[in-house]
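This report walks a new reader through some local features of the structure shown below. Please keep the sequence and the 3D view at hand while reading.

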Amino acid sequence: MERIKLTKEKLTEILRESDNPDKMEFYYNTALNDGFEADQHMALVGLLLILVRHYHTKLFVHQQVNPLDFFGLKTFNEDSEYWEFYELLKRTNFQIALCLIKDENIPEKPLIEFSEIQAYSLFCYGNYLASLKYCQNAIARDENNSICNFLKACVLDLCYINKSSNLYKIALLNYQKQLIDKCDVSNIGLDKAICLKVVEEIEEKVKLLGIHESQVNFTPVFEKIEKTKEIIPEWTEEHDFYLKNNFFLNPLSNFGKFAECTLEELEELPIKQEFKNLFDEVVNDYKLCRGIAFSYYKGINNVGKREMSMTYSYAYSIFDKIAFLLKKVYDLDINEDNVFFTKNGLFDAKIKGTEIKFGNIKNINIASLYLLMKDVRSKQKITNALQVGTMEHNELRNAIDHKSIFLVEEGKLKRNTSFLLENVRNAILYTFMLLYGYSENKDYETPSTISTTFFRAIINSIKNTKNDESKI
């Protein structure tokens with residue numbers, strides 16, 4: 001197949017044809033099959049950004065997606081066009097990163113738009129922690145970005161999973177109010193009635209608690225540790241390392257860099273004590289691994305490449321411990337020797353006595369765990385210029401576990417350790433949020449999740465719609 005040359009004129013032509021579904025489908029398939037060539041990497045990024053905008057409009061705007069449709073994996077699965085769009089977003093993000101590495105400038109507006117689309121899509125998929133990362137990217141470029149400030153305000157309630165004082169809770173509400181005040185409801189792109197309900201709830205809580213006159217806010221952490229220590233004398237290099245690498249077990253660190261992110265004690269889970277012990281072991285294993293990583297990065301406590309490599313392998317095993325915990329809690333019909341944090345080893349396993357697969361339980365955190373599993377456990381290989389996978393991560397693990405630590409490159413080890421530990425941390429938080437809504441008498445076909453401001457607005461909207469229909 002003759003490759004298409006991506007010139008400025010060709011990109012302009014593609015942009016003009018963006019309202020033509022057949023043309024967009026052709027360009028998308030061509031891109032996936034490495035059918036484009038360009039003298040500048042920026043041209044390829046430009047093409048992908050056009051495709052992202054087109055498919056976002058098609059899947060999320062024209063079809064008016066309700067985020068509740070993504071509970072479980074029935075709507076969002078690997079055979080759906082939504083999965084294809086998820087892969088498109090990942091590839092585009094990868095190519096943008098390459099473009100920045102090559103010092104090819106991308107205009108701010110397309111970067112902001114991509115971050116908005118990425119954040120909104122991940123928000124719909126329930127992958128809140130990743131969504132917040134892209135919200136931060138957009139807000140860093142546009143402080144008053146309506147969409148991303150709104151998304152952050154909607155899910156800030158996640159931070160209540162950590163045990164905290166009333167002052168902490170007041171600071172959370174103040175922060176939520178500050179976020180929503182930066183939003184123009186008419187410029188968010190979601191159902192206006194739902195957006196207004198979100199704003200109304202936040203305003204009512206502020207009024208009810210009478211905190212609008214309070215000045216209780218979170219304590220900011222600065223890029224330079226010396227500046228932070230002027231405000232927080234007890235702040236340490238270890239605190240700084242965990243916060244800047246997003247290793248604290250507190251969702252607050254996904255919203256911003258605050259000293260209060262160090263509050264990690266989680267609320268009590270409604271599960272049996274034997275299962276709580278399994279969860280506590282997972283948490284303690286993770287904290288041990290991140291502590292060793294800190295020593296390795298800082299070159300202290302005699303932690304070198306060998307110790308970090310062994311810790312890396314051990315951190316990777318935490319995912320399987322999470323799978324084992326979920327197998328026990330949900331009484332999954334799978335042999336204990338075959339439980340792994342994979343599709344076959346967990347998500348396709350059925351609850352004993354039912355035909356319900358674990359992956360089809362209607363809790364949005366299941367989808368989040370599934371996406372995370374694909375990022376860290378899928379054995380993808382790069383088959384063309386657009387496809388990105390976990391190849392380097394898998395090669396590193398293979399060298400550590402089956403070959404020799406002498407083959408491990410320190411640069412790759414450092415890069416992938418940060419990637420791995422942040423994902424272990426996210427898996428622990430999603431697992432906690434999943435189990436926090438657990439009940440032994442739960443109807444697995446009924447949507448359940450951590451109750452956020454947006455979730456409550458959606459449920460309220462559904463109830464109102466049903467009430468209106470019953471009156472007809």
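Which backbone oxygen does the side chain of T30 reach?

## T30 in helix α2

The side chain of T30 reaches the backbone oxygen of F26, at 2.7 Å. As with everything in this report, that value is computed from a predicted model. T30 belongs to helix α2, which covers residues 21-32, and with a relative accessibility of 5% T30 counts as buried. When residues up to four places away in sequence are set aside, T30 touches I4, G35 and F36.

## Helices α1 and α3

Two packed helices are described by the angle between their axes and by the distance between those axes. For helix α1 (residues 8-16) and helix α3 (residues 41-61), the angle is about 0° and the axes are 11 Å apart, which makes α1 roughly parallel to α3. On the α1 side the residues that meet α3 are L11, I14 and L15, and their counterparts in α3 are A43, G46, L47, I50 and R53.

Helix α3 also holds Y55, a residue that counts as buried at 5% relative accessibility. Leaving aside neighbours within four places in sequence, Y55 is in contact with M24, E25, Y28, F60, E84, F85 and L88. The C-alpha atom of Y55 is separated by 25 Å from that of F455, a residue 400 places away along the chain.

The N-terminal end of α7 is capped by N145, which has a side-chain oxygen lying 3.3 Å from the backbone nitrogen of I147.

## Aromatic rings and charges

The count of aromatic pairs in the model comes to 32. In one of them, the rings of Y175 and F218 have centres 6.2 Å apart and planes at 80°, and because planes over 60 degrees apart count as edge-to-face, this pair is given that description. Y175 lies in helix α8 (residues 166-180), whereas F218 lies in the loop between α9 (192-209) and α10 (225-231), so the pair ties together parts that are 43 residues apart in sequence. Both partners are under the 20% cut-off for burial: Y175 is buried with a relative accessible area of 11%, and F218 counts as buried at 10%.

Rings also take part in arrangements with charged side chains. The charged end of K227 sits over the ring of F222, at 4.5 Å from the ring centre, and the charged end of R290 sits over the ring of Y242, at 4.4 Å from the centre of that ring.

## Positive phi values in two loops

Where in the chain does N301 have its place? N301 is in the loop between α12 (273-298) and α13 (305-329), and its phi is near 60°, a positive value in a residue other than glycine. At 59% relative accessibility, N301 counts as exposed.

D331 likewise has a positive phi, of about 50°, although it is not a glycine. D331 is found in the loop between α13 and α14 (343-347), and at 37% relative accessibility D331 counts as partly exposed.

Definitions and conventions. Residues numbered from 1 in each chain as written. Predicted model: local features only at pLDDT ≥ 70, side-chain atom pairs only at ≥ 80, totals over all residues. Heavy atoms only, no water. Helix = DSSP H or I, 4+ residues; strand = E, 2+ residues; numbered from the N terminus. Buried < 20%, exposed > 50% of the residue type's maximum accessible area, 1.4 Å probe, protein only. Polar contact = N/O pair within 3.5 Å; in protein donor to acceptor, adjacent residues only side chain to side chain. Contact = heavy atoms within 4.5 Å. Phe/Tyr/Trp six-rings, centres within 6.5 Å; stacked < 30°, edge-to-face > 60°. Lys NZ or Arg CZ within 6 Å of the ring centre and 35° of its normal. Axes fitted to C-alpha atoms, helices over the stretch in contact; angles between N-to-C directions. Parallel < 35°, antiparallel > 145°, perpendicular 65-115°, else oblique.
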